Amino acid sequence: MDMEHLHQSFTVQYNYNVFFTSSLFLPENELLNSFLVNLNPAVAVKKILFVIDEGVANAHKELNTQIKTYFSKYPQTQLVQDILIIPGGEQVKNDTRYFDQVLEAINIHGIDRHSFVAAIGGGAVLDMVGYAATVAHRGIKHIRIPSTVLSQNDSGVGVKNGINYFNKKNFLGTFSPPVAVFNDDVFLSTLSDRDWRSGIAEAIKVALIKDRGFFEWLEANATALAQRDLTAMNYQIWKCAKLHMEHIRSADPFENGSARPLDFGHWSAHKLEYLTNFEVRHGEAVAMGIALDAVYSNLSGRISNEDAQRVITLIQQLGFELTHPLLQVTEGNSPILQGLEEFREHLGGALTITLLTGLGSGEEVHEIDAGILKQAAEILTNQTAIIQH
């Protein structure tokens with residue numbers, strides 16, 4: 001009898017839908033209720049706890065009442081009347097008291113594995129609430145209702161949750177998909193111009209590494225997007241979400257390897273956010289990171305001057321800044337260079353950075369030349385034409 005070795009292997013399938021709607025909580029919109037009722041219909045009692053981004057609550061004063069009115073019409077799911085309001089933005093991931101508040105509400109209101117925690121807010125709130133839901137009872141079903149462009153087209157449709165720890169972004173986290181995502185375009189109407197624009201950076205990113213046709217669409221519709229055309233924005237969100245979800249499904253959803261092409265432009269963006277104490281928005285930092293890596297891709301011989309200039313022009317047409325003083329490379333200990341090591345550490349292996357080989361394609365590299373990076377940063381600071389290498 002062999003008692004030295006046992007082997008186990010199993011596969012867990014994940015399924016979730018991203019719904020696109022308008023006015024999710026209007027009583028005549030049956031979408032949410034239909035989903036809740038039809039998921040595990042044999043369960044007699046289901047509860048739902050809402051956690052709302054304070055910024056959303058302030059911008060939509062009637063939201064609490066709308067939610068309560070909605071569930072009074074559809075009482076098959078028991079609404080926890082004590083709706084939790086928490087701050088939005090990166091502070092909610094930096095301070096663990098908000099994480100504790102969500103766990104406390106889950107405990108007090110008896111939210112079990114057949115019940116739901118629904119988060120309404122930007123990406124930071126969705127990240128934190130999703131993490132709390134995932135670790136409570138080893139996994140409570142969480143629903144995401146993204147309220148920003150950034151979260152509707154990127155973070156809200158993915159499989160990652162987390163909070164910041166040790167002054168490192170997403171140091172604590174899980175891979176746990178939501179049971180559903182509901183993108184409601186009503187929430188976009190109250191965004192500031194800055195937040196409206198910010199999320200489009202993720203569309204530029206995914207277009208550059210995945211879909212040249214989408215990049216060309218962004219070029220053609222840059223003015224409409226910058227002028228808050230909702231039809232253009234809804235298409236941008238749908239297409240961006242589709243590309244992100246296709247990548248997650250076809251590649252490495254739980255990031256067991258070291259390659260993360262969806263983080264193109266992010267190695268410097270994450271560090272810049274911290275260096276500015278998050279005064280620079282995530283999307284703004286990503287736009288600068290894309291610009292930096294696009295010019296680096298040009299200077300290192302991977303893309304043409306024309307293609308690099310098209311990337312820069314699109315970023316500017318959408319109203320983004322191209323760079324920041326903290327992105328400058330001076331000496332070997334330049335703060336932004338620390339972001340490379342932290343990025344490698346976060347990947348858990350070799351440094352793997354995606355650089356462009358064309359508009360719609362990229363390649364993985366495992367080292368960055370500080371001299372070329374310095375030159376790229378200087379070009380963006382001076383806003384000079386792309387230099388012929």
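Analyst: Before we start, a contact here means heavy atoms within 4.5 Å. Please also keep in mind that this is a predicted model.

User: How many helices and strands does the protein have, and how does the radius of gyration compare with what the globule rule gives?

Analyst: The secondary structure of the protein comprises 17 helices and 11 strands. For 389 residues the globule rule gives 21 Å, and the protein is close to this, so it is as compact as a globular protein of that length. The counts are therefore 17 helices and 11 strands, and the radius of gyration is 22 Å.

User: What share of the contacts with a separation of 6 or more is accounted for by residues 24 or more positions apart, and what share of the residues is buried?

Analyst: Among contacts in the protein with a separation of 6 or more, residues 24 or more positions apart account for 76%. Burial is counted over the 389 residues of the protein, with under 20% relative accessible area as the cut-off.

User: Which residue has its backbone oxygen 2.7 Å from a polar atom of the W196 side chain?

Analyst: The residues that W196 touches include L225. A polar atom of the W196 side chain lies 2.7 Å from a backbone oxygen, and that oxygen belongs to L225.

User: Where is S115 placed, and is S115 buried or exposed?

Analyst: S115 belongs to the loop that runs between α5 (96–108) and β5 (116–121). The relative accessible area of S115 is 1%, and since the cut-off for buried is under 20%, S115 is buried.

User: Which residues does S115 touch, not counting those up to four places away in sequence, and which backbone nitrogen lies 3.1 Å from a polar atom of the S115 side chain?

Analyst: With residues up to four places away in sequence left out, S115 touches K46, K47, I140 and K141. One of these residues also places its backbone nitrogen 3.1 Å from a polar atom of the S115 side chain, and that residue is K47.

Methods: Residues numbered from 1 in each chain as written. Predicted model: local features only at pLDDT ≥ 70, side-chain atom pairs only at ≥ 80, totals over all residues. Heavy atoms only, no water. Helix = DSSP H or I, 4+ residues; strand = E, 2+ residues; numbered from the N terminus. Rg over C-alpha atoms; globule rule 2.2 N^0.38 Å. Buried < 20%, exposed > 50% of the residue type's maximum accessible area, 1.4 Å probe, protein only. Polar contact = N/O pair within 3.5 Å; in protein donor to acceptor, adjacent residues only side chain to side chain.
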